[in-house]
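This report covers one protein model. It moves from overall figures to selected residues.

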Amino acid sequence: SSGPRTEPPPGSRRSPKPSPAATSRRGRTAPPGPRACPKPSPATCSSFILPSITVVTWNVGTAMPPNDVTSLLHLNTGTTNDADMIAIGLQEVNSKLNKRLKDALFTDQWSELFMDVLSPFHFVLVSTVRMQGLILLIFAKYYHLPFLQDIQTDCTRTGLGGCWGNKGGVSIRLSIFGHMVCFLNCHLPAHLEKAEQRKQDFATILHMQQFEGHAANGILDHDLVFWFGDLNFRIESLDIRFVKYAIDSNILSQLWEKDQLNIAKNTWPVLSGFQEGPLNFPPTFKFDVGTNKYDSSVKKRKPAWTDRILWKIKSPSAGPGAAGCQPSRGGLSVSQLCYCSHMEYTVSDHKPVAAVFAVQFASKADTPPVEIYVADEWSRPEQAVVRFKMAADFHRSSWDWIGLYQVVGFRHPKDYVSYVWARSDDEDCCMEKQAYAQVVFSEEVLPPGRGEYILGYYSNNSSSIAGMTEPFQISLSRSEEGSEEEDDSTLVLLASKSRSPSPGKMKQHRSRSPTLAKFQGLILRPSSRERGTSRSPSPQSRRGLAGHLPALHLPKQEPGGRGAKAKEPGQAAECQEGNSGSFYQTAREQCGLWHVSADNLLARADPRNLGLLPALRLETIDQATGHRRESVDQGYHCRRMSPTSPTGDPCSTSPREGDQA
């Protein structure tokens with residue numbers, strides 16, 4: 001590591017800032033930041049418009065996901081209002097015992113679907129939270145990630161007197177360019193006569209959900225709140241025949257004044273300030289599954305607008321200005337561009353509802369917490385040098401890391417190709433002098449071939465990306481001498497609590513299942529929804545474990561051993577003596593400038609293991625015996641593990657180690 005620098009390195013690519021699109025050094029247009037206001041005039045303030053935030057709510061009725069949700073997310077619309085953020089709230093996701101067990105081990109199919117569909121459009125999963133059948137997911141364009149900070153989640157059960165989570169609310173709050181925004185997804189009690197119970201449950205959710213920090217403790221303390229879900233408000237007084245007649249005749253306005261939520265907005269103090277667009281779409285409940293026909297069963301439920309999207313601004317602007325670009329100082333304004341249902345989806349008895357908003361923020365935060373500088377192209381391994389500078393108020397952690405992401409297929413922050421721990425020998429000096437720290441990606445972890453990549457600084461304290469570069473090229477040729485094609489199709493569980501390999505052993509696969517105590521006789525294979533080498537985060541990964549280090553142990557070399565057993569995440573780590581041969585040499589090379597020793601826990605940890613579970617499916621042990629026989633026939637002196645296997649088995653060897661032996 002060179003000494004601390006006070007100036008960015010020449011010819012380097014730095015972190016993007018929220019400004020109009022700029023032309024990159026290679027003559028290509030860099031990803032645009034938030035859209036700026038028209039040319040400023042003395043009458044306008046320094047503000048910018050986030051082109052759009054899309055909010056979707058859908059009671060899926062325990063159904064399997066459809067094949068395509070592109071139209072629901074308003075993608076490929078060809079308009080200039082392409083979304084910058086997307087919030088998706090689901091209700092009644094299948095949460096039966098067997099399904100919940102599977103979803104606890106692997107990512108649920110709905111989350112997998114949305115990540116698969118959104119990643120080609122450069123959307124990255126920011127955060128997710130689940131409570132039984134309630135799921136909330138927040139996505140954003142990758143170049144906005146450094147400006148989405150202070151991410152927290154919460155959930156409140158209101159079913160069975162607060163003991164059951166079939167009803168209630170889940171929320172994600174975050175700071176968007178310095179403004180506190182909260183997304184609240186609710187499923188309130190059903191039936192016409194339960195309006196008062198819905199009011200009480202909503203008040204309970206608002207009271208119970210509290211967040212850390214001083215910026216906004218309660219939901220209504222946020223600058224902007226989006227409230228949506230299956231709110232279950234019905235149409236009062238009117239006969240079902242008149243309701244259907246109004247729908248068929250497209251005179252929906254005659255139903256609005258009898259809608260329970262419209263009535264409540266004028267009479268319930270708890271709903272004061274909440275706004276909603278006009279209901280210019282047919283009621284979204286209840287349909288015969290697989291059709292666009294309202295309930296034809298014996299119950300013949302009355303159609304109703306149960307699925308709704310509302311918003312509330314804490315401090316409204318003083319008034320509309322020219323071109324909508326004059327919010328009050330420190331305030332914001334919201335315009336609803338679209339509010340509609342999607343009749344084309346028939347897998348549930350509810351129709352999904354989507355709303356698109358243009359949000360005008362005051363430009364409070366225009367510099368990311370961490371600025372990263374790299375060369376425009378890495379054509380030689382020695383160019384893989386990363387310099388970064390942290391803001392004075394940034395709270396770093398020993399578990400922070402810098403990930404290398406492929407632009408195509410970047411689905412969530414732990415979907416990296418490789419990583420390096422964000423530590424350097426002179427880091428403390430750099431922090432004190434506000435200079436640039438430096439880390440290096442070793443040649444072994446760099447991807448071969450040519451492709452477009454980005455670098456992101458992951459903050460363990462905030463569980464978010466704190467800095468990111470613009471896309472740059474990597475074009476490396478790697479010698480194939482001494483390499484061997486490895487079978488990476490299976491992950492064999494030899495120990496009840498096996499963990500993922502350390503950085504020195506990491507090749508292609510990255511996330512692992514941390515604790516599967518009752519599934520020793522199973523083999524895991526990648527699921528059909530998995531794309532390339534990406535992995536999806538589990539709902540449990542939304543928060544770090546404060547004050548604890550994950551227990552990631554290497555085994556002692558014992559003949560006939562059955563692999564290392566790691567402690568449960570969150571327990572204090574204990575040092576364990578092990579083989580300090582080629583593994584630690586590899587770790588030293590990989591971590592670049594940071595010294596790695598046999599007793600250093602960071603050398604053995606993979607950031608993905610901090611609460612992350614892969615998307616996998618189960619198969620019996622008998623289906624993998626063929627793979628093991630093939631490994632034995634190839635001459636290895638013990639049962640060979642695939643490269644996706646835990647490295648805790650002292651008998652497992654890589655092909656290169658086996659040849660040396």
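The model is predicted, so local features are given only at pLDDT of at least 70 and side-chain atom pairs only at pLDDT 80 or more, while totals for chains, interfaces and linings use all residues. Residues are numbered from 1 along each chain as its sequence is written, and side-chain values use heavy atoms, with hydrogens and water left out.

**Overall make-up**

The protein has 10 helices and 25 strands; these are DSSP runs numbered from the N terminus, with helices being H or I of at least four residues and strands E of at least two. Of its 661 residues, 55% are buried, where buried means under 20% relative accessible area, exposed over 50% and partly exposed in between (1.4 Å probe, protein chains only). Contact means heavy atoms within 4.5 Å. Among contacts between residues at least 6 apart in sequence, 72% link residues at least 24 apart.

**Helix 6**

Helix 6 spans residues 260-267, and its buried residues are Gln260, Leu261, Asn262 and Ala264. These buried residues pack against the elements tabulated here.

| Element | Residues |
|---|---|
| Helix 3 | 195-208 |
| Helix 5 | 253-256 |
| Strand 11 | 307-313 |

At the start of helix 6, the backbone nitrogen of Leu261 has a side-chain oxygen of Asp259 within 3.2 Å.

Ser52 belongs to strand 3 (residues 47-59) and is buried, at 0% relative accessible area. A polar atom of the Ser52 side chain lies 3.3 Å from the backbone nitrogen of Ala83.

Ala83 is also among the residues touched by Lys141, together with Asp84, Phe121, His122 and Phe123, leaving aside residues up to four places away in sequence. Lys141 lies in strand 6 (residues 134-141). Lys141 is buried without a salt bridge, and the nearest side chain of opposite charge, that of Asp84, is 5.8 Å away. A salt bridge needs a side-chain nitrogen of Lys or Arg within 4 Å of a carboxyl oxygen of Asp or Glu.

**Cysteines**

How many disulfides does a search of the whole structure find? The search finds 0, a disulfide being a pair of cysteine sulfur atoms within 2.5 Å. Cys182 is buried at 0% relative accessibility. The closest cysteine sulfur to that of Cys182 is in Cys186, and because the two are 9.5 Å apart, they are too far for a bond. Cys163 is exposed, at 62% relative accessibility.

Conventions: Polar contact = N/O pair within 3.5 Å; in protein donor to acceptor, adjacent residues only side chain to side chain. Lys, Arg positive; Asp, Glu negative; His and termini not counted.
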